[in-house]
Structures are given as C-alpha cells and as structure tokens.
Amino acid sequence: KSAVLQMKGAELMPKLAAALATNTACTELKLAECNIGDALVADLASALSTNTALVLIDLQGNTVGNDGATSLAKAALEHPALSSFNKVPLASLRENSLEELDLSANAELTSLPRSLASLTKLNVLELGEMPNLAWPPPEVAINGGEAVRACMEVAPHFFHRTSDEQR
C-alpha cells in the first residue's frame, strides 16, 4: 500500500509508467491496494509494450474495471519476460495449461472476459469478493471453469468483450 500513490496517483502514475517503459533494472512492480483505476492503468499497459525487465506485477486490490483489466491482461500476455501477473502464472496461461485462476477481490469488474472460455484446462475459478460481478451467477462460478464455459455458450452476451472481440 502506498499512501502517496493513493493520494497522487493521477500525477505519479504517468511518471512511473514513463520510467518503466525504459527500465532495465526493476524486475518487480508491487502496487497492491493503491487505489489504481482504469484511467491510471492505461499508461502502465502502454509501458509494458517496451519494458523488457519486469518479471512480476502485483496490482491486486485496486479499482481496475473491465476496460483496464482487458488492456493490462493483453499487455501482460504479450510481454516477453513477465512470468507472474497478480499471482497468475503467465506461462501456464499462454500454454493453455492453467488449472486454477483466482480473480477474487476485483470489486470493480462487472463481467468476465470471453477469453476465459478458451482455457480448456481451467477447473477452479475463484470469484470471491466481487460484488459488482453480474455474470456468471455465483452458483455457476463456484463450480469452476467447466461450468463457466458452459454458461458462456448459453449466454455469451453477458460476458465482457474486448475491443478485438467486438469487431
């Protein structure tokens, strides 16, 4: 937690992102519970396209919503060195061998990305502490990845679509 970042995030986050874009020394970025929202993660997502040093990013417990989460996830998956994003092992995600995914405490998310349906090995999907999540219903989500995939096939319009999926 950083009280300074919580109070001056709009001023400091663009500067941090600019530094990260050319960073070659910092390998871990831990900004959990810093009140970072969608507006502030856009710069960070952009910086990941040129950063080559980060291997771990932790932004858990922030106020990132659907749009920010989508842009960060895309940037994280495309980052060549990043191995962990919010405790998600990216190698498993890239290889479609991820069996467990904990998205808990993402209070601002209102829907899940449709790309979750492509995670065919996903057995456990944790969605606790997500009061704004409208879909899937908790009774579906608690049954894990297979149940969520089946639910997506029945009602795909309830899931968040990235800009690529909307085309």
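Analyst: Start with N62. Leaving aside residues up to four places away in sequence, N62 touches L31, A32, E33, C34, N35 and I36. Contact here means heavy atoms within 4.5 Å.

A word on the basis. This is a predicted model, in which local features need pLDDT of at least 70, side-chain atom pairs count only at pLDDT 80 or more, and totals for chains, interfaces and linings use all residues. Residues are numbered from 1 along each chain as its sequence is written, and side-chain values use heavy atoms, with hydrogens and water left out.

N62 sits in the loop between strand 2 (56-58) and helix 3 (66-78). Helices (H or I, at least four residues) and strands (E, at least two) are DSSP runs, numbered from the N terminus. N62 counts as buried because its relative accessibility is 7%. The cut-offs are under 20% relative accessible area for buried, over 50% for exposed, and partly exposed in between (1.4 Å probe, protein chains only).

Two backbone nitrogens face the N62 side chain. A polar atom of that side chain lies 2.8 Å from the backbone nitrogen of C34. The N62 side chain also reaches the backbone nitrogen of N35, at 2.9 Å. A polar contact is a pair of N or O atoms within 3.5 Å; within protein, one must be able to donate a hydrogen and the other to accept it, and residues adjacent in sequence count only if both atoms are side-chain atoms.

Now the helices. Helix 2 covers residues 38-48, and its buried residues are L40, V41, L44, A45, A47 and L48. They lie on the same side of helix 2 because they cover an arc of only 155° around the axis. That arc is taken from the directions from the helix axis to the C-beta atoms. An α-helix has 3.6 residues a turn, so residues three or four places apart point the same way.

Helix 2 packs against helix 3 at an angle of about 10°, with axes 9 Å apart. The two are therefore roughly parallel. Axes are lines fitted to C-alpha atoms, for helices over the stretch in contact, and angles run from 0 to 180 degrees between N-to-C directions. Under 35 degrees counts as roughly parallel, over 145 as roughly antiparallel, 65 to 115 as roughly perpendicular and the rest as oblique. On helix 2, the contact is made by D38, V41, L44, A45 and L48. Helix 3 contributes N66, D67, G68, A69, S71, L72, A75 and A76.
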